[in-house]
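I opened my notebook for a friendly look through one model. Here is what I looked up.

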Amino acid sequence: MAKRLLSQVQILRGPDVPLQQEDVLIDGTALLSFGADAREQAAALGIAGEAAQTLLLAPALIDPHSTLEQPLGGTAETAASLRAAAALAGYGTVALLPRGERWRDQPEMLQPWPGPALPELKFWGSFSRRGQGEELAPHAEQLAAGAIGLADDDHLPALALLERGWRLAEMGTRPVLVAPRDPALTQQGFVREGVEALRAGWPQDPVLSETLPLQSLLALAEALPQTQLQLMNVSTAAAVSQLRQRRKRPPASVCWWHLVSDSATLDPLDEGWRLVPSLGTATDREALIEGLADGILTAVAVHHVALDPEEQLLPIDQRRPGLAGFHLVLPLLWQELVVQRRWRKEQLWQALCWGPAAFLGLEPPRLEPGTTQWLLYDPDGSWSVPAADSSTEERARAIGTLAANLPCQGRMVRGKVLTSGLISP
């Protein structure tokens, strides 16, 4: 790929640097130089500048947790297709939960699969064996093998097991990621209780299925102050309120879909109703956005869960819950938060990049000469999401993923990642 000079592109250098406009010289996947250095090098090479005043150059995004159940030979998603989907969407790092066809609860299960170095895949180790919440997995061995922390499944394990694991303290200062959810309290509902869910006839999930486990988790963490509790996918206004009342709060993530959709705005025929945790009401969504703006919630997760076309054909109450797709996260959140709510671009990157980096214990990404962890975004670029009847191959070419459970299929979307250092020229 030829060198390019982006003239007066908007640029986010890092979390402590305000938005700037300057020239940037790019060589394939690497950033070469900035400002006067970029102009001098471009002039020496005879490279003319490209008008880029409306574009944004920023660090690649980070996903604090997603799933990949069949990394090799999967029909819903593979390691190769997930990397492709993340790269096309501007995600430079994806942290994978231990759930899989073979549960990743042993050191040998945490070895990276063959593939490109970017996007980088990181692993959460498993808190319990097979994610069943009954017996402790080998914590120290998993962390020694490279796990960034420990996680369990999408619900609260037995509190006695959590306490025992924390008291043994084999994880040291590494985080333990726990979902504040009790399946026994959901009453088999899969949409958060509210007027809209009642009108639509969906089985309702009480708010207590999240708030009671959260209360127990916070009490346990307070009793064991050495613990590094992190909360996965907070989803209700009541839970945000509980966290807001705490002087010392654990880091908490929120799924991106809960920030752009709710039971009052989603058409009954659309994809996106069947999730864990359950899709909330408009009040829940407003509280989650406010909590993210205030720092009560610290990271936005993709929480990618892929289903293959065959499973996607099942009735909604018979298929597994989950929503797939990296490709819509930045465009839809940009429209919701930057365009409609007037968030600063730095705020959005705090939620999608620097906050998730801190959540995973990583250094916040910065744009420096030589880095490949960057993306170039056009807020005004429009593109069409592959339609529901498109083939798996068509979806893979357009957005990388093999998954069938994608929202907004066949719709025009505003906002596009033009290129990044994650994609080989």
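**Ground rules.** I am working with a predicted model, where local features need pLDDT of at least 70, side-chain atom pairs count only at pLDDT 80 or more, and totals for chains, interfaces and linings use all residues. I number residues from 1 along each chain as its sequence is written, and side-chain values use heavy atoms, with hydrogens and water left out.

**Entry: H304.** I found H304 in the loop between β16 (299-301) and α10 (309-312); helices (H or I, at least four residues) and strands (E, at least two) are DSSP runs, numbered from the N terminus. H304 counts as buried because its relative accessibility is 0% (buried is under 20% relative accessible area, with a 1.4 Å probe and protein chains only). Beyond its neighbours within four places in sequence, H304 has contacts (heavy atoms within 4.5 Å) that include H65, E77, F326 and T401.

**Entry: the sheet.** I looked up an open sheet of four strands, ordered β9-β10-β11-β14 with parallel pairing (strands pair if DSSP finds at least two bridges between them). β9 (125-126) and β14 (229-231) are at the edges with a single partner strand each, so one side of each has no neighbour in the sheet. Two bridges join β9 to β10 (residues 150-151), and G125 sits opposite L150 in β10.

**Entry: the helix pair.** I checked which residues of α4 meet α6: they are L159, L162, E163 and W166, and their partners in α6 are S216, L217 and L220.

How values were computed
Buried means under 20% relative accessible area, exposed over 50%, partly exposed in between (1.4 Å probe, protein chains only).
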